[in-house]
Amino acid sequence: QPDDRGLIGTVPVLRVSRQGSEAVHFVQAPLEPGTEVLLSLDWERRFDHMQQHSGQHLITAIADQMFGFKTTSWELGRQRSVIELDTPSITTEQIEALERSVNEKIRERVTVTVRELEAGDPEIETVRSRGLPDDHVGPVRVVDIEGIDSNMCCGTHVSNLSDLQVIKLLGTEKGKKNKTNLVFLAGNRVLKSIEQSHSTEKALTSLLKNGPGEHVEAVKRLQSSVKQLQKNNLNLLRDIAILIARDFKSKPVQSQLFVLHRKEGDSEFMNIIANEIGTE
């Protein structure tokens, strides 16, 4: 999960890195030891990460329960997040069923809690985990989604699934060997995506002079027209190149220098003229 940001007093925090049990803060200016300061957290960034991370836990747990798809890794990106599932493929029907199920859990307002276990606690063995970092010290943090999932995790999470608002599965991408990447948005990212899509739709409606349902066909017609125009333009340039070369050769007094600048000409245009004029 990406780190938190904010201010220590008036000094911006540029990055936070974990080293063992310490959280090391990288700041823009030195801070005087012993100074009393107000810590200000970038809550919008923090809450976004909470929504995406809790969303990943929920999707991972339900995908495993419904289809036996194990999560092997995941990435919380700036625009979207990706879960790597240990399956060569996922059907459209499975994606739709998974999306319905996770959103049902959100509507059920399931509680999310965090607890800490001592490193030697045998209960740790019953918790889903990909193992602890080599430099881990202190208690082990476990995030529980009531009745759904229990997972070892050091990230920030919502306290109730209702805080996720909604989850949208955007489809899949080809992953590593025999794996599939499932792309998703959670919470406010879904709202931002809809807003962006609506703005794009309005702009296209204005440019294409038709309704959203006809945008694809209108673009296809434009692409076809452009392709035909490019073909016609290429043929005309070829004809012009031949005529320019023949005009040069037909002059009674041959110049030893041929000069021509045509900004729409390309390498083929140049080669046609060179071949028509000849090597002499």
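Two rings of Phe, Tyr or Trp, the last represented by its six-membered ring, form an aromatic pair if their centres lie within 6.5 Å. In this predicted model, a search of the whole structure on that basis finds three aromatic pairs.

**Aromatic rings**
- One of the three pairs is formed by F248 and F258, whose ring centres are 5.0 Å apart and whose planes stand at 80 degrees, so the pair is edge-to-face, given that planes over 60 degrees apart are classed that way.
- Because F248 belongs to helix α4 while F258 lies in the loop between α4 and α5 (267-277), the pair ties together parts that are 10 residues apart in sequence.
- F248 counts as buried, with a relative accessibility of 12%, whereas F258, at 31%, counts as partly exposed.
- The ring of F26 has the charged end of R15 sitting over it, at 4.1 Å from the ring centre.

**Cysteines**
- A disulfide is a covalent bond between the sulfur atoms of two cysteines.
- With a cut-off of 2.5 Å between cysteine sulfur atoms, the count of disulfides comes to zero.
- For C153, the closest cysteine sulfur is that of C154, and the distance of 5.6 Å is too far for a bond; C154 likewise is in no disulfide, its nearest cysteine sulfur being that of C153.
- C153 is buried, at 10% relative accessibility, but C154 is exposed, with a relative accessible area of 73%.

- N178, which is not a glycine, has a positive phi near 60 degrees, and its place in the chain is the loop between β10 (167-174) and β11 (180-186).
- K209, also not a glycine, has a positive phi of about 60 degrees, and is found in the loop between α3 (188-208) and α4 (215-250).
- The relative accessibility of K209 is 71%, so this lysine counts as exposed.

**Annotated region**
- An unreviewed UniProt entry lists residues 140-183 as "domain: Threonyl/alanyl tRNA synthetase SAD".

Technical notes: Residues numbered from 1 in each chain as written. Predicted model: local features only at pLDDT ≥ 70, side-chain atom pairs only at ≥ 80, totals over all residues. Heavy atoms only, no water. UniProt positions renumbered as here; feature names shortened; annotations may be inferred. Helix = DSSP H or I, 4+ residues; strand = E, 2+ residues; numbered from the N terminus. Buried < 20%, exposed > 50% of the residue type's maximum accessible area, 1.4 Å probe, protein only. Phe/Tyr/Trp six-rings, centres within 6.5 Å; stacked < 30°, edge-to-face > 60°. Lys NZ or Arg CZ within 6 Å of the ring centre and 35° of its normal.
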